[in-house]
Amino acid sequence: MFDTAGWVAAAFLIGTLAMVLASIVGRLVPTLTLACADAYAGYCMAAAAFLALPVTLRRGEHIRVTLVLQRLPASARRRVEIAVHVVGLFLAAALAWFSVRLVWQSRAFYDISTGLDATPLWIPQLGMAAGTLLLTLALLVQLAEHVRGHVPTPDAGDEPARIE
């Protein structure tokens, strides 16, 4: 599931490239101008960023400051990892809650973009909501692994390694 989100994020990056290229072509050939290209490039970039969060977490690619963790004994390191994951889970869940709420409110109030395209804003906001929900799930999975004594290895993705 998290890998699928990564592939969808990659597709949105390609969409960003397509919109930027459309904008460039539109500036070179004014008859081919796509007025909404800049807005859609932004929508695609935001969706790509949020949908990439869970797969990046599961693969151990997020930047982590391990200066303190490296100096702790294994039992203390495990407790700190659990505490950090609980805090991260709380923050991700709050972000997911408010992201989903924003999508719901944008749809309920018929919120549209201010550009010429008048895009219903709940559509591009879905990428953020889905990404934050999946990030919350990924953090929950990692927290459960830490509680059980497993830690995901950086290159293994969803396959945890046992720590003694």
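**Figure 1. Met45 and its contacts in the predicted model.** In this predicted model, Met45 touches Leu13 and Thr16, leaving aside residues up to four places away in sequence. Met45 is part of helix H2. Its C-alpha atom is separated by 8.6 Å from that of Ala9, a residue 36 positions away along the chain. Is Met45 buried, partly exposed or exposed? With a relative accessible area of 41%, Met45 is partly exposed, since that value falls between the 20% limit for buried and the 50% limit for exposed residues.

**Figure 2. Packing of helix H1 against helix H2.** Helix H1 covers residues 2-28 and helix H2 covers residues 37-58. The two pack at an angle of about 160°, and their axes are 7 Å apart. H1 and H2 are therefore roughly antiparallel to each other, as angles over 145 degrees are classed that way. In passing H2, H1 makes a left-handed crossing. Sorted by class, the residues in the contact of H1 with H2 are 19 nonpolar, four polar and four charged.

**Figure 3. Packing of helix H3 against helix H4.** Shown here are H3, residues 74-108, and H4, residues 122-147. Their axes lie 8 Å apart and meet at a packing angle of about 160°. That angle makes H3 roughly antiparallel to H4. The crossing in which H3 passes H4 is left-handed. How many nonpolar, polar and charged residues does the contact of H3 with H4 have? The contact has 20 nonpolar residues, nine polar ones and three charged ones.

**Figure 4. Packing of helix H2 against helix H4.** H2 and H4 pack with their axes 8 Å apart, at an angle of about 10°. The two helices are therefore roughly parallel to each other, because the class takes in angles under 35 degrees. In the contact of H2 with H4 there are 15 nonpolar residues, along with four polar and two charged residues.

Figure 5. Most residues other than glycine have a negative phi. Tyr110, which is not a glycine, has a positive phi near 55°. This residue is placed in the loop between H3 and H4. Ala118 is placed in the loop between H3 and H4 as well. Its phi is also positive, at about 50°, although Ala118 is not a glycine.

**Figure 6. Leu116 in the loop between H3 and H4.** Leu116 sits in the loop that joins H3 and H4. The relative accessibility of Leu116 is 80%, so this residue counts as exposed.

**Figure 7. Val65 in the loop between H2 and H3.** Val65 is found in the loop between H2 and H3. At a relative accessibility of 75%, Val65 counts as exposed. Val65 and Arg101 are 36 residues apart in sequence, and the distance between their C-alpha atoms is 32 Å.

**Figure 8. The whole protein, for orientation.** The protein contains four helices and two strands. Along the sequence these elements follow the pattern α-α-α-α-β-β. The radius of gyration is 20 Å, well over the 15 Å that the globule rule gives for 164 residues, so the protein is more spread out than a compact globule. The C-alpha trace spans about 65 × 35 × 25 Å along its principal axes. Buried residues account for 31% of the 164 residues. Of the contacts with a separation of 6 or more, 65% are between residues 24 or more positions apart.

Note on methods:
Residues numbered from 1 in each chain as written. Predicted model: local features only at pLDDT ≥ 70, side-chain atom pairs only at ≥ 80, totals over all residues. Heavy atoms only, no water. Axes fitted to C-alpha atoms, helices over the stretch in contact; angles between N-to-C directions. Parallel < 35°, antiparallel > 145°, perpendicular 65-115°, else oblique. Left-handed = near helix turned anticlockwise from the far one by under 90°. Nonpolar A, V, L, I, M, F, W, Y, C, P; charged D, E, K, R; others polar. Rg over C-alpha atoms; globule rule 2.2 N^0.38 Å. Buried < 20%, exposed > 50% of the residue type's maximum accessible area, 1.4 Å probe, protein only. Contact = heavy atoms within 4.5 Å.
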